[in-house]
Amino acid sequence: MNKQVMNKKLMNKQVMNNQISMNNNAGNSSEEAVIQAVTSVVERMYKDVSRPTQKQDGGSCKMTLALAKALIEKVEQKAAQMGVRAVVAVSDASARPVAVHCMDDAYIASFDIALNKTYTSASLKMSTSKLGELSQPGQPLYGIQFTNGGRIVIFGGGEVLMQRGTIIGALGVSGGTAQEDTRLAAYGRTIFEEVAACL
């Protein structure tokens, strides 16, 4: 084999090695770019998930202690005007109690009844007065008060609480007549969004 052929083979081998090296570098750069892009996407997703759930206008979509107490205070003022000594309860959308207030000399039994009214309205997504109509003999929900361990209430005083079209809790009032409890709970439902807007 002459020297010229040997030199040509050596040159070809060097060119091939250079190409392989360049391809490896390009592959590494490509991998690094993909890793950086994926990392960036994951970081953005994490930031989005970490933000609290809010409506487009910035309002929170959950029942807070401050909101529950503010609503209860308004209902208590109305009850005092009516001469009713009530227990007023507010739960979240999952029927978990958020706040319960007992006015002076309210009936002891009214505590559980008010809480059960919030449970009923939150779990069935309707007022207890409406449920009372649907649970009469011959109606589709007759006997429902015997389910859920007896926690279902079928007379007035329980209302669903909505904020911008979303159910975020329930209100329960007990202590007066069925008509008085119904009126107080309906009042609380009516002013709820106004109260929420003031916080």
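Here are two exercises, each with a worked solution.

This is a predicted model, where local features need pLDDT of at least 70 and side-chain atom pairs count only at pLDDT 80 or more, while totals for chains, interfaces and linings use all residues. Residues are numbered from 1 along each chain as its sequence is written, and side-chain values use heavy atoms, leaving out hydrogens and water.

**Exercise 1.** Work out how the span of helix α3 compares with the expected one.

*Solution.* Start with the naming: helices are DSSP runs of H or I with at least four residues, strands are runs of E with at least two, and both are numbered from the N terminus. α3 covers residues 109-124, so count 16 residues by that definition.

**Exercise 2.** Find out how α2 and α5 are oriented to each other.

*Solution.* First, get the axes: they're lines fitted to C-alpha atoms, for helices over the stretch in contact (heavy atoms within 4.5 Å). Angles run from 0 to 180 degrees between N-to-C directions. For α2 and α5, the angle is about 140° and the axes are 9 Å apart. Now sort it: under 35 degrees is roughly parallel, over 145 roughly antiparallel, 65 to 115 roughly perpendicular, and the rest oblique. So α2 and α5 are oblique. Finally, look at who touches: Leu71 and Val75 are among the contact residues of α2, and Leu184 and Phe192 among those of α5.

Notes
The expected span of a helix is 1.5 Å times one less than its number of residues.
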